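Please keep the sequence and the structure in view while reading.

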Amino acid sequence: MLWVKAFHIISMVCWFAGIFYLPRLFVYHAACDDSPGRERFKIMERKLYRGITTPSMVVTLVFGFWLLGTNAEYYLQQGWLHAKLVLIAILVGYHFVCGRFVRLFRDDRNTRGHVFYRWFNELPVLLLVGIIILAVVRPF
């Protein structure tokens, strides 16, 4: 089971790397005013989202549910796990919102400025802090 936990953590780190970097690309893309730069950002965003971030999310969820399944009766009675699962659901939603933004930029339909994306970029930090504290400290 330690291998499953290790791969869960590794994939989670990869997922968060993408979730942290993708909105940063949106910041730069929204501020970019030249066509070659915008096209380069489109490629970077697509490759990051589809090639790294989404597969990492899937692997993280698979290994996470695998770990949950090892002792589901116990885990499903724990309040900290319910709170963690809520934060993970929000993170998955955030992930798909990022995918929507990738498509908007791809189709040249983005209407938001770089300041919006700077603020948008902060949410996963809060989610990460909450998820890690709940998983490690298990406060309730």
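Which side chains meet in a salt bridge at 2.9 Å, N to O? They are those of Arg106 and Asp107. The model under discussion is a predicted one, and the count of salt bridges in it comes to three.

**Salt bridges**

- Arg106, a partner of Asp107 in a salt bridge, is partly exposed, with a relative accessible area of 47%.
- Asp107 is also partly exposed, its relative accessible area being 34%.
- Salt bridges with shared partners join Glu39, Lys42 and Asp108 into one network.

**Exposure within the network**

- Lys42 has a relative accessible area of 12% and therefore counts as buried, because the cut-off for a buried residue is under 20%.
- Glu39 is partly exposed, at a relative accessible area of 39%.
- Asp108 reaches 54% and so counts as exposed, because that class begins over 50%.

**Helix 4 and the residue after it**

- Helix 4 contains 28 residues and extends 41 Å from its first C-alpha to its last.
- This span is close to the 40 Å expected at 1.5 Å a residue.
- Just after helix 4, Asp108 adopts a positive phi of about 55°.

**Surface patches**

- A patch of positive charge on the surface gathers Arg100, Arg103, Arg109 and Arg112.
- One of these residues, Arg100, lies in helix 4 (residues 79-106) and is partly exposed, with a relative accessible area of 45%.
- A nonpolar surface patch of about 500 Å² is made by Val125, Val129, Ile132, Ile133, Val136 and Val137.
- Ile132, a member of the nonpolar patch, is placed in helix 6 (residues 123-136).
- The relative accessibility of Ile132 is 36%, so this residue counts as partly exposed.

Key:
Residues numbered from 1 in each chain as written. Predicted model: local features only at pLDDT ≥ 70, side-chain atom pairs only at ≥ 80, totals over all residues. Heavy atoms only, no water. Patch = residues over 30% accessible without salt bridge, like charges linked within 9 Å, V, L, I, M, F, W, Y side chains within 5 Å. Areas by Shrake-Rupley, 256 points an atom, 1.4 Å probe, with all protein chains shown as cover. Salt bridge = Lys/Arg side-chain N within 4 Å of Asp/Glu carboxyl O. Lys, Arg positive; Asp, Glu negative; His and termini not counted. Charge placed at Lys NZ, Arg CZ, Asp CG, Glu CD. Helix = DSSP H or I, 4+ residues; strand = E, 2+ residues; numbered from the N terminus. Buried < 20%, exposed > 50% of the residue type's maximum accessible area, 1.4 Å probe, protein only. Expected span 1.5 Å × (residues − 1).
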